[in-house]
Amino acid sequence: MTRPFRFGVNMTTPDVGDTWRARCVRAEALGYDVIQVPDHLGMVAPFPALVAAAAATERPRLGTFVLNAAFWNPALLAREIATTDALTGGRLEVGLGTGYVREEHERAGLEFLPPGERVGHLIRTVTELDRLFGDGTELPRPVQRPRPPLLIGGNGDRMLRLAAERAEIAAFTGGRATKVGSMRALAAPELAERVEAYRGFEAGRAVPAELNLLLQYVAVTPDRRAAVRDLPAIAPELTEDELLDLPLIAAGTVRQIADQLRGLREHLGFSYFSVLDPFMEALGPVIEELSGS
């Protein structure tokens, strides 16, 4: 099944009042299908920011991308989800992840658990959310029943299995968290291997999940090599050719980037692409190029 393209912009830059609303209006004008907000200390709080985005726009859905499960008690999170879905008219998508930045946990006074325990906490959170929303008695109630669509982000086997079993959207970061809390970019073969592993966990599912990929860098340019020369921080060990082959980098003409995204959809199944807000304008012409396909 070939899904139509969808595009989300992850609003990582804090803003207030009219400036925040204006940026959301601009995202809608550029054709973005989803306005997303991350869950990091030092950035805006996700749920009130999404309610404000909904009030300023008409068409885009609103998504958390992604909530740090360690920050949330499931019962309180269920209340936030239901209220936000109600206040946005049923436009909410709930993205969940384990959280990977040790310093944020420490600032919040939370223990930074080992990876396996963080995944276990996320699994328990998803289970409890499904229980709370599944019995139909939890108040307040979301507009979307039994709950808004769930996006689960990650690349490890347990995360992929959880997404395959419980989520409507499986999000791949294009990177792997390191022990020090940074991210290492996945080369194209590594990402393909992770998608293949996911497909194995998803086997037998009646309706396959939508696959999402976060683009870390976008540059519309006739000179692709020049565009990546200033990107050693993304993958300092890689050559220019290897950087250009990274799935999380989209550099080239509008047609070249559109063809890259078509290839990722055809070969790996990615149809939903998110971009960081500094590159919101850059991806706009590509969204127009791919509109309706």
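Helix α5, which spans residues 115–134, gives the most to the lining of the largest cavity, contributing 4 residues. The model discussed here is a predicted one. The structure holds 1 cavity of 30 Å³ or more, and about 50 Å³ of space lies in the largest cavity. Its lining consists of I81, V94, V126, L129, D130, F133, R147, P148 and L150. Sorted by class, this lining has 7 nonpolar residues, no polar residues and 2 charged residues.

A pair of packed helices is described by the angle between their axes and the distance between the axes. The axes of α5 and helix α6, the latter formed by residues 157–166, come within 10 Å and cross at roughly 10°. Angles under 35 degrees count as roughly parallel, and therefore α5 is roughly parallel to α6. On the side of α5, the contact is made by G116, V119, G120, L122, I123, V126, T127 and D130, while α6 supplies R158, M159, L162 and R166. By class, the contact of α5 with α6 has 6 nonpolar, 3 polar and 3 charged residues.

P146 lies in the loop between α5 and β6, a strand of residues 150–153. The peptide bond from R145 to P146 is cis, with omega near 0°. Another cis peptide bond runs from F65 to V66, with omega near -15°. V66 is found in the loop between β3 (61–64) and β4 (67–68).

A second pair of helices may now be considered. Helix α1 (residues 17–29) and helix α2 (residues 46–56) pack at an angle of about 60°, and their axes are 9 Å apart. This angle makes α1 oblique to α2. The crossing in which α1 passes α2 is right-handed. What classes of residue make up the contact of α1 with α2? The residues divide into 7 nonpolar, no polar and 1 charged.

By class, the lining of the second largest pocket has 3 nonpolar, 3 polar and 3 charged residues. The lining of the largest cavity, by contrast, has no polar residues.

How values were computed: Residues are numbered from 1 along each chain as its sequence is written. This is a predicted model: local features need pLDDT of at least 70, side-chain atom pairs count only at pLDDT 80 or more; totals for chains, interfaces and linings use all residues. Side-chain values use heavy atoms; hydrogens and water are left out. Ala, Val, Leu, Ile, Met, Phe, Trp, Tyr, Cys and Pro count as nonpolar, Asp, Glu, Lys and Arg as charged, and the others, Gly among them, as polar. Axes are lines fitted to C-alpha atoms, for helices over the stretch in contact, and angles run from 0 to 180 degrees between N-to-C directions. Helices (H or I, at least four residues) and strands (E, at least two) are DSSP runs, numbered from the N terminus. Angles under 35 degrees count as roughly parallel, over 145 as roughly antiparallel, 65 to 115 as roughly perpendicular and the rest as oblique. A crossing is left-handed if the near helix is turned anticlockwise from the far one by less than a right angle, and right-handed if clockwise. On a 1 Å grid over the protein atoms alone, a cavity is a set of points where a 1.4 Å probe fits but cannot get out, and a pocket is an open set with protein on both sides within 12 Å along at least five of seven lines; lining residues have an atom within 4 Å of a point. Grid points are joined across faces, edges and corners, and a volume is the space filled by probe spheres set on the points. Contact means heavy atoms within 4.5 Å.
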